[in-house]
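Here are some notes for a colleague opening this structure. Please read them with the model on screen.

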Amino acid sequence: MTGPGPSAVAAPLVELRGVGKSYGTIRALHDVDLTVRAGEVACVLGDNGAGKSTLIKIISGLHRHSEGELRIDGEPVRLGGPREALRRGIAAVYQDLATVTLMPVWRNFFLGSELTRGRWPFQWLDIPGMRRVADGELRAMGIALDDLDQPVGSLSGGQRQSVAIARAIHFGARVLILDEPTAALGVRQSGVVLKYIAAARERGLGVVLITHNPHHAHLVGDHFTVLRLGEVELSAPRADVTLDDLTLHMAGGAELAVLERELANGTTDSTADGTTDGTTDGTDGEDVTER
C-alpha cells in the first residue's frame, strides 16, 4: 500500500525560499529559508542585529523582500501591506501588544473591529456581545478572567500576551507571529505565555516564535532556525537539536570556540614570564635608570 501522493500533502501555510532584504547598500537578510506548517511552532532565534525583526516585517507584509520567494499556501506572493497579510490569515503580535492600557479587556479585544448594532447613522456599540465573545474566546484558550471590565493594564504581562494571542486567533489568524513574547517577563509569566503558544499549536495554527531565549524555544519548538548577521546559521527539526546545541549556536558556535582559544593563549603568554609584549612594568619602554 503506497502513501499519499504529493497532491495529498498540504502545502506549508508560509514558506520562505532564499529570501533576502536590502536597505540600499545594507543587506539585512540573505538566502533565508523558513517553513511554517499548521500545528507546528517554528522558532527563529538570534542575537540583536541578526535579522529577526526584518524577517517579521517581510512575513507580516510591512516590508517586501528584495530577493527570493515568499509563498502562502504554496502560492508565490508579494504582500502589499499588513492588511493583505491579515486577509490571508497572518497576524503579528509585537512586544508592545498594540493595547490601550486604560481601556477594559473586552474593548482591547475588539480594538479597531468593534461590534455594532442598528443601521447607520443610528448605530451603537454592541457591548454585551463583545463581552460575551471576548469571554468565550479567552476561555477557549484557557484564560478565565473574573472581570472583563478591568483595564488591560492591570493584567500581568503573561495575561496581556495571552489576550493578544486570543484576539489574533478570533480574527482569523492561521499563522501567528510572536515577537519576543517572553522578553520582559519573569519565569512564571513566561511559562504562562509558552503554555498558550502550545495551546495555539494544538488548535492547528502555525506559530512563528521570535526569541533570543533558547530555553523557551526548546520547550515548545518543532523546528529551529538560528540567524546570525542576516544569514541562517542553523536550520533543523527538534529531533536533531538538543538544548545544548541551540545554546551553542546562539552564543556564536565556532566563533565562541575561537575566542575561548585566543583568551586562553593570551593568558598563557602574559603570565609566562611576568611581562607583556616585552615592555618593563609601568615604564612603556622608558629607561629606568633615568628616574
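1. Phe 110 has 1% relative accessibility, so it counts as buried (under 20% relative accessible area; exposed is over 50%, partly exposed in between, with a 1.4 Å probe and protein chains only). Phe 109 is buried too, at 0%. Phe 171, at 39%, counts as partly exposed.

2. A word on the source. This is a predicted model, where local features need pLDDT of at least 70, side-chain atom pairs count only at pLDDT 80 or more, and totals for chains, interfaces and linings use all residues. Residues are numbered from 1 along each chain as its sequence is written, and side-chain values use heavy atoms, without hydrogens or water.

3. Phe 109, Phe 110 and Phe 171 form one aromatic cluster. Rings of Phe, Tyr and Trp (its six-membered ring) pair if their centres lie within 6.5 Å; planes under 30 degrees apart are stacked, over 60 edge-to-face, the rest tilted. The count comes to 3 aromatic pairs. The Phe 109 and Phe 171 rings have centres 6.5 Å apart and planes at 40°, so this pair is tilted. Phe 109 lies in helix α3, and Phe 171 in the loop between α5 and β9, 62 residues apart. (Helices are DSSP runs of H or I, at least four residues; strands are E, at least two; both are numbered from the N terminus.)

4. Phe 110 and Phe 171 pair edge-to-face, with 5.8 Å between centres and 85° between planes. Phe 110 sits in the loop between α3 and β7, 61 residues from Phe 171.
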